[in-house]
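Please read them with the structure open.

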Amino acid sequence: MADTVPILRIEHMTKSYGEKVVLKDASLSINKGELKVLIGPSGGGKSTLLQCINFLIKPDRGRIWLDGTEIIRAKGKELYAYRQKVGMIFQDFNLFDHLTALHNVQIGLVRVKGMQAKAAKERAIHELDRVGLRNHMHQYPAELSGGQKQRVSIARALAMDPEIMLLDEPTSALDPELISEVLDAIRALRSSGMTMIMSTHQIGFAGEVADELIFLEKGLIVETGPPAKILYDAEYPRTREFCSKITELYANSSS
Amino acid sequence: MTESLIVLYGALPYLLRGSLVTIAVVAGAMMLGLVFGIHLAVGQVYGGRWLRRVIGLYVWFFRGVPLLVLLFLFYFGLCSLLQINLSAFTVSVIVLGLISSAYQSQIFRGAIMSLPQGQLKAARALGMSDRKAIALIILPQALRLSIPGWSNEYSIVLKDSAVAYALGVMEMMARAHFVASRTYEHLPLYFAAGFLFMILTYLGTKGLRILEEKVRIPGYSA
Amino acid sequence: MNELFFLQPDIISALTRGLWVSVQLIIPSSLFGVIIGVTVGALRVYGNTAIRAAGDAFVLVFRGFPLVVQLFIWYFGLPHIGIYLTPFAASVLGFSLCSGAYQSEYVRGAFLSVKTGQTMAARALGFSGIKTILFVTLPQAFRRALPGCGNEIIYLIKYSSLAYMITCIELTGEGKIIASDNFRFTETFMVIGAIYLLLTSVAAWVIRRLEGRLYIPGFEQYS
Ligand SMILES: Nc1ncnc2c1ncn2[C@@H]1O[C@H](COP(=O)(O)OP(=O)(O)OP(=O)(O)O)[C@@H](O)[C@H]1O
Ligand SMILES: [Mg+2]
């Protein structure tokens, strides 16, 4: 396990808004095929951390390596090339509202990767097929359910052939009955060997699929470890408190 | 009464040819305003502090000075000062266009700012440059949302185009007045011109409503 | 001499004379415009079918005809039916009616936007119809109409320059005379433009201040 270079490594990532520090010296690394899950209270900095990783938010400090190569000049072509390799799934989907499902998946291939329209279309259809939405490809986002939208957004990210995916609370904006279809898509991704960092409040799902849980509070990575340890045998009282509260909630809601 | 009608009937083809001039002025001005307005709006939303400030000044100036004064300034003043020979028609198009670009920029700016932040974020996350993201993701949505405001702006520019008469552009108003002062049938001719303007307003706004419906995104409401 | 051109006494007095005429055009026209706007706007909401139709027709025509056409009708057209107006009177009439038509749109929209729950609540408290309008509907509608009506007054300041086209010599007209007499078109119209810019900016500032004054937390300007 330790013989390989981690696919992604970040060190000392820091971000503040004015006086307020929202991310403090966060470091983590992830190997190919792993799934790491960020947990923690609302406002803890999960979204900030994920968006700092692909520079949607510009960190104040911190270094990033992808495949052992440091991203030094996060600007222009280098940045765009890097972002293509880092897929992102948003809590509120952010499908392009003026494009059909098919075109949502296709546009990055044509306009960013420079693929021919025909080849891009085939690829897009293939990706939509993988998330079970081939029959909905001509529908516009406003005509899709939340779960379908999120699956389109997964297809859109996958079409770019990312080396790693960032998922920011992919199920939080969904009605309860639609959550499972998205979780299934993520499970399928996991078994296909995709490397992922995900933030979620779905603690049960996190425990089931994650290689490692990362507990983030007030911008600080408090504790990191395998699910069993973090959920039931955490070192720090804050982690224990959070996990017991949230597992209780989860147990109640799923019963 | 019958005399008035005979004059009116005789003058109608002349007025209608004037409506073509009016349409040309308005079309030119709206297009100029569209191209400039989009750039101004994008600059005002995404530009740096200085760019935003300069655009703010531009908008403030062209929204604060009367059309007639700008027509005089450009036609009698700047054109001869800079030794460029522009026709009254061209100057009218330019001045109306510059003013409209200031107003249109505010329509587009409002539309851009009403879009959810996530649209730009998602485009960036795919590896698009900001330029591409704006051209492919932001503007197609913002321009759709701008059609009602643009339609309103059209009806204003159309009516303002009658002021080009002050430079001697032979548009509808000028022609109505020309015939009126020869035939002494002022009222019928002015009313005819007024109704022709109303018809053009109606046709234009109707056309834009059809366009709006045509490019409407299914299910989308903002 | 070149720089001091606009400091010559006769130029200054011509400009102030023009500005004064402009102010005399703008102030009564905007007042009449607001009065017409509120009256027509209210009638178009609360009047019976015939009154509403008449109001709609008024607005259709006075917003539909270009202001220049309207001014020409009042100044060059009316003499044909035996009514002679001075250029000044024709201008004020034209500005007031056109502005009133636009104002009435904002007023009407504002009245319509006051939620029915508000009037029902007033009725439930025992307010009469008039008292409901006076104490509940008007104060709310006024706030909603203010931005649009304020904008309309700024438009009026700019459109007052069109009085020149029916030979009412106000600021723009004086400017045209100065420019032609001295062959100084660029500088003159720059100065004239700057004066209008000052007027419109001051008006915009006053209106914003007024809006701020009347601000109510949580009261949506547009609904
Ligand atoms: N643009 C901003 N300006 C100021 N503060 C911000 C900004 N964006 C985020 N924050 C703050 O940063 C902190 C971390 O926010 P973040 O969205 O990363 O939390 P989170 O862990 O994702 O929470 P949630 O579970 O609610 O999504 C919050 O306290 C938030 O208020
Ligand atoms: Mg978040």
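1. Start with the A–B interface. Chain A and chain B bury about 2,100 Å² between them. Carbon and sulfur atoms account for 67% of that area. Phe96(A), Asp97(A) and His98(A) supply 29% of what chain A buries against chain B, more than any other three residues. Keep in mind throughout that this is a predicted model.

2. How many residues does each chain bring to this contact? Chain A gives 23 and chain B gives 22. Seven residue pairs are in polar contact between chain A and chain B, with both residues at pLDDT 80 or more. The count of salt bridges between chain A and chain B is zero.

3. Which elements of chain A face chain B with two or more residues? They are α2 (76-85), β6 (86-89) and α3 (101-111) of chain A. By class, the side of chain A that touches chain B has twelve nonpolar, six polar and five charged residues.

4. Next, the B–C interface. About 3,100 Å² is buried between chain B and chain C. Carbon and sulfur atoms give 78% of it. The contact involves 33 residues of chain B and 35 residues of chain C.

5. Salt bridges between chain B and chain C number zero. On chain B, five helices each supply at least two residues to the side that touches chain C: α2 (49-64), α3 (67-81), α6 (130-160), α7 (172-183) and α8 (186-214). That side of chain B divides into 25 nonpolar, five polar and three charged residues.

6. A word on chain C itself. The secondary structure of chain C comes to eight helices and zero strands. From the N terminus on, the order is α-α-α-α-α-α-α-α. The C-alpha trace of chain C spans about 75 × 45 × 20 Å along its principal axes.

7. Now ligand 1. Its shell holds 13 residues. The closest are Val22(A), Ser42(A), Gly43(A), Ser47(A) and Thr48(A). By class, the shell around ligand 1 has three nonpolar, seven polar and three charged residues.

8. Which atoms approach the oxygen atoms of ligand 1? The side chain of Thr48(A) places an N or O atom 2.5 Å from an oxygen atom of ligand 1. Gly43(A) has a backbone N or O atom 2.7 Å from a ligand 1 oxygen atom. For Gly44(A), a backbone N or O atom lies 3.1 Å from an oxygen atom of ligand 1.

9. How much of ligand 1 does the protein cover? The answer is 63% of the 640 Å² of accessible area that ligand 1 has on its own. In chain A, β2 (20-30) and α1 (46-53) are the elements that give two or more residues to the shell. α1(A) gives the most to the shell, with three residues.

Note on methods
Residues are numbered from 1 along each chain as its sequence is written. Chains are lettered from A and ligands numbered from 1 in the order in which they are written. This is a predicted model: local features need pLDDT of at least 70, side-chain atom pairs count only at pLDDT 80 or more; totals for chains, interfaces and linings use all residues. Side-chain values use heavy atoms; hydrogens and water are left out. A residue is near a molecule or strand if one of its heavy atoms lies within 4 Å of it. A polar contact is a pair of N or O atoms within 3.5 Å; within protein, one must be able to donate a hydrogen and the other to accept it, and residues adjacent in sequence count only if both atoms are side-chain atoms. Accessible areas come from the Shrake-Rupley method with a 1.4 Å probe; for residues, only the protein chains shown count as cover. Helices (H or I, at least four residues) and strands (E, at least two) are DSSP runs, numbered from the N terminus. Ala, Val, Leu, Ile, Met, Phe, Trp, Tyr, Cys and Pro count as nonpolar, Asp, Glu, Lys and Arg as charged, and the others, Gly among them, as polar. Contact means heavy atoms within 4.5 Å. Buried area is the accessible area (1.4 Å probe) that two parts lose on being put together, summed over both. A salt bridge is a side-chain nitrogen of Lys or Arg within 4 Å of a carboxyl oxygen of Asp or Glu.
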